[in-house]
Amino acid sequence: MELWNNLMMGFSISLTGENLLYCLAGCIVGQLVGVLPGIGAPTAVALLLPLTFSVNPTSAIIMFAGIYYGVAYGGTITSVLINVPGESSSVMTCLDGYQMAKQGRAGAALSVAAIGSWIAGTLSVVLLMSFAPALAKFALRFGPPEYFGLTMMAFGMLTVFGGGDPMRIIISTLVGLFISTIGLDVMSGVPRYAFGTPQLMGGIDFIVIICGIFGLAEVFNSLEQEEERGLLKQKIRIKDMFLTWEDWVASRWAIFRGGVIGFFIGLIPAGGITTASFLAYLGEKRVSKHPEKFGTGVIEGVASPEAANNAASISGFAPLLALGVPGSPTTAVMLAGFMMWGIRPGPLLFQNNADLVWGLISSKFIGNLMLVLMNIFLIPVFVSLLRVPYTILMCFIVIFASVGAFTTNNNIFDVWMMLGFGVLGYIMNKLKYPIVPLVLALVLGRLSENSLRQSLMLSGGDFSIFFTRPITLLFMGLAIMAYLTPVFRWAMKKAGYGKVTLNVESL
């Protein structure tokens, strides 16, 4: 009964005219970002975040949530039509979606992606309603040692789900932790790494960093690449968007399985929607009666990963809201927004800001309904956007990034800092160092450091406090196992079990 009352309270908030408009705006922006390759949800949220200083926090977070799961819908369009994933979470959709399009079934591929995402997204919201409050109550037992163990586990999970070279992931994490220490020490008040510069005494604003490392870095990387877009000649008509009975029968269980996999992957810090789509596709291929047909245009190969990435984009809010730990770059940017509005996500959020939490959760039902209708009836409009030259989009990215960095503190110094972080993001991309660990370390760095120091103060400097408390021991054990994953893979390979890899990237 309490759950039902909370949901009704949430709908009374999310169904107001203002919040409906913000939800619609978020869904449209997310769809556009997903359609246009190379921009990404973290960049979109980062560029819009400075514009929400004066906006009601509930309305703003509803809009950002719409952008996040709207991107999961929009990235499908380019994957199916031109074999270019709009987002990394849509990589697996290319395998069968583009083959379906070449067979003249682009409408069916786009339709099953939209409907599957809606079904899985709705299922994920229902599970989130039940799971997040229980997780928040569990988190009330957390003290400084538990929070330190949780952050260590989040960093460790990056080596499991991050893909690429584990050593580069660790180095990227350490760089982020170093940047998070710049400014005044919270406990002693002593400046650290400010080098006598007054603007660095308060640390580097997170908005400045993400506008540079996502916005400008993306522009720098794009300048080196030729714009290649080969849109299919076929026209997408509304009548082509409706599934046949055979399509529905073939995809119904793939949607359900993908949704369940996506929900649980989204709950894991650093799991991410890309990991969810990879695992869902591989899992569906494993249980299929005709696995040899995957990659040739089977509808299950589109339904499962699309359901998974949307479910994960919704369940990813559980660790953010209940624990205050972001599971992806996008939710990390949203966490910065919470802090900007003076709200601290965590166990007490469900008590102190129940209207925000349940308004957000209920808005996901509305947003998913908006998106499925948009993706069935407005596909021709979104397809036409693929003809917009990316050079024009780059100009707008630079303008929004510069304005966002400047308005943070009304200081031109922040614009120069943003430029510096844009160069850093470009160099990291060229050297194949992942950005996600750096962003996660920036967000969790202060929490990790303060929790460590508070724990050692409680124990009188005894590190055994991290291994004598059950919850902390669990988190630290998982963190150690995660960091040892490359060693386990090497040992299995030497033992003759073949090459063990996870070819995925977190968002």
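Q: What makes up the protein chain in terms of helices and strands?
A: In this predicted model, the protein chain has 23 helices and two strands. Of its 507 residues, 56% count as buried, and the chain exposes about 21,000 Å², with 67% of that supplied by carbon and sulfur atoms.

Q: Why is helix 3 called oblique to helix 9?
A: Happy to walk through it. Helix 3 (residues 41-48) and helix 9 (residues 206-223) pack at an angle of about 135°, their axes 9 Å apart. That makes helix 3 oblique to helix 9, because roughly perpendicular covers 65 to 115 degrees and roughly antiparallel needs over 145. The crossing of the two helices is left-handed.

Q: How do you know which residues of helix 3 and helix 9 meet?
A: Contact means heavy atoms within 4.5 Å. Pro42, Thr43, Ala46 and Leu47 in helix 3 meet Ile210, Cys211, Phe214 and Gly215 in helix 9. The residues of this contact divide into six nonpolar, two polar and no charged; Gly counts as polar here.

Q: Why is Leu458 called exposed?
A: Its relative accessible area is 60%, and exposed means over 50%, so Leu458 qualifies. Leu458 lies in helix 20 (residues 436-459).

Q: What is Leu458 in contact with, leaving aside its neighbours within four places in sequence?
A: Leu458 is in contact with Pro144 and Ile465. Leu458 and Pro144 are 314 residues apart in sequence, yet 9.0 Å apart in space, C-alpha to C-alpha. Across the protein chain, among contacts between residues at least 6 apart in sequence, 79% join residues at least 24 apart.

Key: Residues are numbered from 1 along each chain as its sequence is written. This is a predicted model: local features need pLDDT of at least 70, side-chain atom pairs count only at pLDDT 80 or more; totals for chains, interfaces and linings use all residues. Side-chain values use heavy atoms; hydrogens and water are left out. Axes are lines fitted to C-alpha atoms, for helices over the stretch in contact, and angles run from 0 to 180 degrees between N-to-C directions. Helices (H or I, at least four residues) and strands (E, at least two) are DSSP runs, numbered from the N terminus. Angles under 35 degrees count as roughly parallel, over 145 as roughly antiparallel, 65 to 115 as roughly perpendicular and the rest as oblique. A crossing is left-handed if the near helix is turned anticlockwise from the far one by less than a right angle, and right-handed if clockwise. Buried means under 20% relative accessible area, exposed over 50%, partly exposed in between (1.4 Å probe, protein chains only). Accessible areas come from the Shrake-Rupley method with a 1.4 Å probe; for residues, only the protein chains shown count as cover.
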